[in-house]
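Please go through the structure shown below. The report covers one chain as a whole and then a single residue in another chain.

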Amino acid sequence: MNKKKFLANFLTYIFLIVFTVIALYPIINVFTISIRPDDRLLSTSLSIIPEGATFKQYIELFTNRPFLLWVWNSAIVSFVVTVTGVALASTAGYALSRFQFIGKQVSMLGLLTTQMFPATMLLLPMYIMLIKLQLINSYLGIIIVYSATALPFCVWQMKGYYDTIPFSLEESARIDGCTKWQSFYKIILPLAAPALVITALFSFMTAWSEYIVAAQVLQDTDLYTLPLGLKSFQSNLTTEWGLYAAAALVVSIPVVILFIILSKWLVSGLTLGSVKG
Amino acid sequence: MAEVILKNVTKVYEGGNIAAKDINIEVKDKEFVVLVGPSGCGKSTTLRMIAGLEEISSGDLFIDNKKVNDVSPKDRDIAMVFQNYALYPHMTVYENMAFGLKLRKFDKAEIKKRVSEAAKILDLEPYLERKPKALSGGQRQRVAVGRAIVRKPKVFLFDEPLSNLDAKLRVQMRTEISKLHQRLEATMIYVTHDQTEAMTMGDKIVIMKDGVVNQIDTPLNLYNYPTNKFVAGFIGSPSMNFIEGTLAKNGNLTFKSKKGNLNLSLNKNYENKLNSYANKTLWLGIRPEDIYDPNTVSPSANFTKVNVNLEVVEPMGNEIFLYFSIDGEQFVSRIPAREKPEAGTAKEILFDTSKLHFFDTDTEKTIV
């Protein structure tokens with residue numbers, strides 16, 4: 001019995017270790033590249049800490065490149081998209097979950113349908129619309145596009161979560177003295193925290209790491225978000241891989257921190273949202 | 001405290017489904033009224049209309065002599081206890097009970113005083129800092145009641161508050177709510193599908209079926225003088241036995257069941273009311289406690305002997321339920337527990353012909 005248990009544990013650990021290595025290897029590799037000296041960028045050495053390791057690329061990134069500007073741009077765009085996403089998805093999802101109105105079914109199906117088109121297919125129509133609205137090359141333009149992309153999923157997932165909260169809680173709140181709005185934000189919203197966290201993360205991720213749409217909409221280098229900025233290290237003839245790698249690592253840090261902080265909510269949120277409260 | 005009056009109140013859902021039809025109920029100040037009926041009879045809908053959670057399609061609703069059809073729930077000065085408790089899971093017991101008072105901008109000292117009072121009445125003092133998920137079903141139910149009483153509302157509404165509790169706890173909470181009613185002297189409207197709860201708690205009972213009020217009366221009057229076959233069958237446990245048959249008149253009236261297995265010659269008292277039904281079909285009803293075991297009663301002219309085959313015998317401790325069929329209709333008799341008859345044996349029993357009920361076959365209304 002014990003032997004069997006040991007074997008099972010052993011195999012489980014082997015399995016986990018193999019996949020951890022597979023997941024971590026690229027990140028370690030990127031880190032290695034970011035600290036290699038200039039003349040050894042394309043070295044085939046496998047050592048994690050290369051000979052003559054240096055943080056020169058990081059210093060270069062923060063001092064001689066507009067990296068902080070890109071961080072600022074990405075932060076603003078991601079923040080606004082997240083706030084918009086949470087505000088609109090939480091209220092729209094609530095309306096779809098709780099109220100009966102004409103066009104409810106159609107609007108829900110409509111939201112779902114938008115998810116069926118690949119993002120690249122939407123590039124051209126979005127580009128044309130933004131030009132007509134004179135929103136090309138502006139924060140507002142890119143924020144609208146990102147929000148529009150993230151919202152359908154967020155609305156559905158908020159609606160799904162609200163559906164698991166019993167009606168009697170709001171009814172009880174209304175008898176206790178709440179208006180409809182108060183019963184929403186005092187009772188239902190706090191209970192929907194796991195779903196709100198998912199909505200916030202999803203909206204944030206949509207904006208933080210997006211490249212293709214940003215490349216279409218933003219042309220002014222002062223407005224570049226991080227992915228665009230990183231891409232600018234790549235020119236026709238050379239690519240500054242050291243800088244690229246250093247920037248890529250720095251960019252991923254806020255995301256990792258966010259996930260760690262919210263992971264408690266995330267796990268319960270993912271299961272709660274999909275199955276049942 | 002206040003009166004609640006429903007005048008011709010009707011609820012029609014989208015698609016024409018009528019949940020409550022022409023409801024007229026008058027709940028006096030400090031009265032405990034129970035709405036009872038099988039599921040889907042419209043009792044909960046009626047309660048929710050009083051609470052303001054359902055719109056009233058037509059008719060008028062008055063609370064404390066004020067028409068409140070279009071008044072929002074928070075302004076009706078009512079409190080409601082829900083079947084699933086509906087406690088706020090993210091708040092402690094204290095916060096749950098204080099929530100309504102906070103919204104109404106009571107000062108902190110007053111809130112604390114009222115919550116402590118309620119917690120004391122309901123034995124919730126040790127649990128005030130706990131979240132609802134750390135409480136048992138009975139404790140949660142008490143918190144829900146506590147949340148209602150701290151508000152000191154004009155009217156208390158209960159929507160099947162005990163149906164999620166186990167049998168023992170249900171009986172205990174039943175008496176606690178009755179005690180609470182005496183203590184608070186408040187107007188209470190209570191919905192249940194359990195006729196025992198209705199009989200034991202209500203000053204007045206409203207029996208509903210298919211969205212219509214069948215009878216409003218005191219528990220004993222409902223039991224002794226039901227207005228129709230439904231009420232007669234619904235009130236009382238085990239329920240009244242029914243059998244269809246015809247009345248023959250040769251000298252005095254005789255009831256003969258359809259297949260002829262039950263023949264009862266009727267007491268003179270019935271003649272006035274039943275004469276017009278001679279040679280017509282009607283339903284006979286007799287309560288299980290009015291069918292006797294010959295060994296436990298002294299003979300009387302009102303008794304008619306009937307021989308039956310016992311199908312099932314259920315000893316309850318202080319009494320025994322005997323199940324048998326006449327004409328294919330299931331009958332049950334409730335006799336004192338002296339000796340236990342064997343199932344599958346023949347037995348002689350006595351029908352008390354002074355305690356019969358008769359109902360019209362078409363309208364199912366009570367004849368006598």
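In this predicted model, buried residues account for 39% of the 277 residues of chain A.

Chain A has 12 helices and zero strands. Read from the N terminus, its elements run α-α-α-α-α-α-α-α-α-α-α-α. The radius of gyration of chain A is 23 Å, well over the 19 Å from the globule rule for 277 residues, so the chain is more spread out than a compact globule. Along the principal axes, its C-alpha atoms fill a box of roughly 70 × 70 × 35 Å.

Contacts come next. Among those in chain A with a separation of 6 or more, 71% join residues 24 or more positions apart.

Charge is the last topic for chain A. It carries 17 positive and 12 negative charges. Their mean positions lie 14 Å apart.

The values for chain A, collected:

| Property of chain A | Value |
|---|---|
| Radius of gyration | 23 Å |
| C-alpha box | roughly 70 × 70 × 35 Å |
| Distance between mean charge positions | 14 Å |

Now to chain B. B:Thr304 sits in strand β16, which spans residues 303-309. Is B:Thr304 buried or exposed? B:Thr304 has 17% relative accessibility, and the cut-off for buried is under 20%, so B:Thr304 counts as buried.

Which residues does B:Thr304 touch, leaving out those up to four places away in sequence? They are B:Asn263, B:Leu264, B:Ile349, B:Leu350, B:Phe351 and B:Thr353.

Terms used: Residues numbered from 1 in each chain as written. Chains lettered and ligands numbered in written order. Predicted model: local features only at pLDDT ≥ 70, side-chain atom pairs only at ≥ 80, totals over all residues. Heavy atoms only, no water. Helix = DSSP H or I, 4+ residues; strand = E, 2+ residues; numbered from the N terminus. Rg over C-alpha atoms; globule rule 2.2 N^0.38 Å. Buried < 20%, exposed > 50% of the residue type's maximum accessible area, 1.4 Å probe, protein only. Contact = heavy atoms within 4.5 Å. Lys, Arg positive; Asp, Glu negative; His and termini not counted. Charge placed at Lys NZ, Arg CZ, Asp CG, Glu CD.
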